[in-house]
Amino acid sequence: MFNIKDKIITFVVMKLLRKILFPIVPIYYVVTWMRNWFYDLGIFKSKSYTMPIICVGNLSTGGTGKSPMIELLIRLLKDSYKVATLSRGYKRETEGFRLANQLDTAKTLGDEPFQFFSKFHKNVQVAVDSNRQRGIENLINLSEKPDVILLDDAFQHRKVKAGFNILLTTYQDLYADDWVLPTGNLREPKQGAKRAQLIVVTKCPNNISDSEKEEIVLKLKPEANQKVFFSAIDYSEDVFSEETTRALLSLEPFTLVTGIANANPLVLHLKNKGLQFEHLDFPDHHAFTDADIARLKHRELLLTTEKDFMRLKGFESLREKLFYLPIKATVHEHEIFKNHVMNYVESGN
């Protein structure tokens, strides 16, 4: 867990380290650019599939809102199609292909896939496999195979050629303003954005103006065949435990517990609501230890994200005091966005 002093020291050290490592940027750029070039030329092989496969990903390292976007797609498709999600299963304690069932937990699936399963298991097949080709083949060979597969965080996984790519970039950190690793946060050069059919600017303020949208589009320089959308985070007015529901405004004072890539939007939302809380900020996908739980169980009320709740809800000592705040991604021009997705799936590949 990081306190404010630790966070400041970490920020300063990381910023200095990134400047020191700047000479490595051209090397990383060339290596990743050549890898993509070899895939584009067919020297490195990508596998295509006859069924619709939608990839949701980004150019940067985490925190762009992939999970809310996957959930938005599930809601769009689940009433008309058999939907499956395929994730890597980051930090899970199992290996190989795994199709989620009622015995699974965040430890066996990873927190985000377990979140998908917990919310949508009646409508969606949730699978994990670090080898996306193998994962897709296993899903296709199921007795009840899906009609469409949603690939979570697989934009750089070019061994699979998805038929439809949705690229996410955050309002506060556009890929057009960034550098490749290790000085910046980009996993590959920004030219990789050309592989996407749709680009979604996520975590936008609710009052974003049309003129600001136009400025962002000019920065992103989409291809003629690409459409840029804007989305925001919609926070619930209620919080949930395993057994009860309460109004968010009735919860204070409380302790906010997060283990996500960027908690700033959530913290700002809670402050704008006028709520009083202490924030305990853990690293992304943090595996909570017995020592962590021992500290948390003495807090009167705990609020966390839905993803963190998947890892914390198994601790009995937190059961009566642990709540999570759900979020949804809402896309501006929702019907146009929906039509792009549905038209692709209805085309069959």
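## Strands S1 and S6

In this predicted model, strand S1 (residues 53-58) and strand S6 (residues 164-170) pair in the parallel sense over 5 bridges, where two strands count as paired if DSSP finds at least two bridges between them. Gly57 stands opposite Leu167 in S6. The helices (H or I, at least four residues) and strands (E, at least two) named here are DSSP runs, numbered from the N terminus.

S6 is mostly covered, with 7 of its 7 residues buried; buried means under 20% relative accessible area, exposed over 50%, and partly exposed in between, with a 1.4 Å probe and protein chains only. In a regular strand the side chains alternate between the two faces of the sheet. In S6, Phe164, Ile166, Leu168 and Thr170 point one way, while Asn165, Leu167 and Thr169 point the other way, and all are buried.

## Strand S7 and its neighbours

S6 is also joined to strand S7 by 5 bridges, and these two strands run parallel. Ile166 stands opposite Leu198 in S7, and Thr170 stands opposite Thr202 in S7. Because 5 of the 5 residues of S7 (residues 198-202) are buried, this strand is largely enclosed by the rest of the structure. Both of its faces are covered, by the account that Leu198, Val200 and Thr202 on one side and Ile199 and Val201 on the other are all buried.

S7 is in turn joined by 4 bridges to strand S8 (residues 227-235), and the two run parallel, with Leu198 standing opposite Lys227 in S8. From S7 the chain crosses through helix H7 (residues 210-220) to S8, and this β-α-β crossover is right-handed, a term used if, with the strands pointing away from the viewer, the path from the first strand over the helix to the second runs clockwise.

## Aromatic pairs

A search of the whole structure finds 11 aromatic pairs. Rings of Phe, Tyr and Trp (its six-membered ring) pair if their centres lie within 6.5 Å, and planes under 30 degrees apart count as stacked, over 60 as edge-to-face and the rest as tilted. The rings of Phe282 and Phe288 have their centres 5.1 Å apart and their planes at 70°, so this pair is edge-to-face. Phe282 counts as buried because its relative accessibility is 3%, and Phe288 is buried with a relative accessible area of 10%.

The rings of Phe309 and Tyr324 have their centres 4.7 Å apart and their planes at 45°, so this pair is tilted. The pair links distant parts of the chain, since Phe309 lies in helix H10 (residues 306-312) and Tyr324 in strand S14 (residues 322-325), 15 residues apart. Phe309 and Tyr324 are both buried. Elsewhere, Trp33, Trp37, Phe38, Tyr39 and Phe44 form one aromatic cluster.

## The chain as a whole

The chain has 11 helices and 15 strands, and 47% of its 349 residues count as buried. A compact globule of 349 residues would have a radius of gyration near 20 Å, so the chain's own 20 Å agrees with that expectation; the radius is taken over C-alpha atoms, and the globule rule is 2.2 Å times the number of residues to the power 0.38. Along the principal axes, the C-alpha atoms fill a box of roughly 60 × 50 × 40 Å.

Among contacts (heavy atoms within 4.5 Å) with a separation of 6 or more, 73% are between residues 24 or more positions apart.

## Basis of the values

Residues are numbered from 1 along each chain as its sequence is written, and side-chain values use heavy atoms, with hydrogens and water left out. As this is a predicted model, local features need pLDDT of at least 70 and side-chain atom pairs count only at pLDDT 80 or more, whereas totals for chains, interfaces and linings use all residues.
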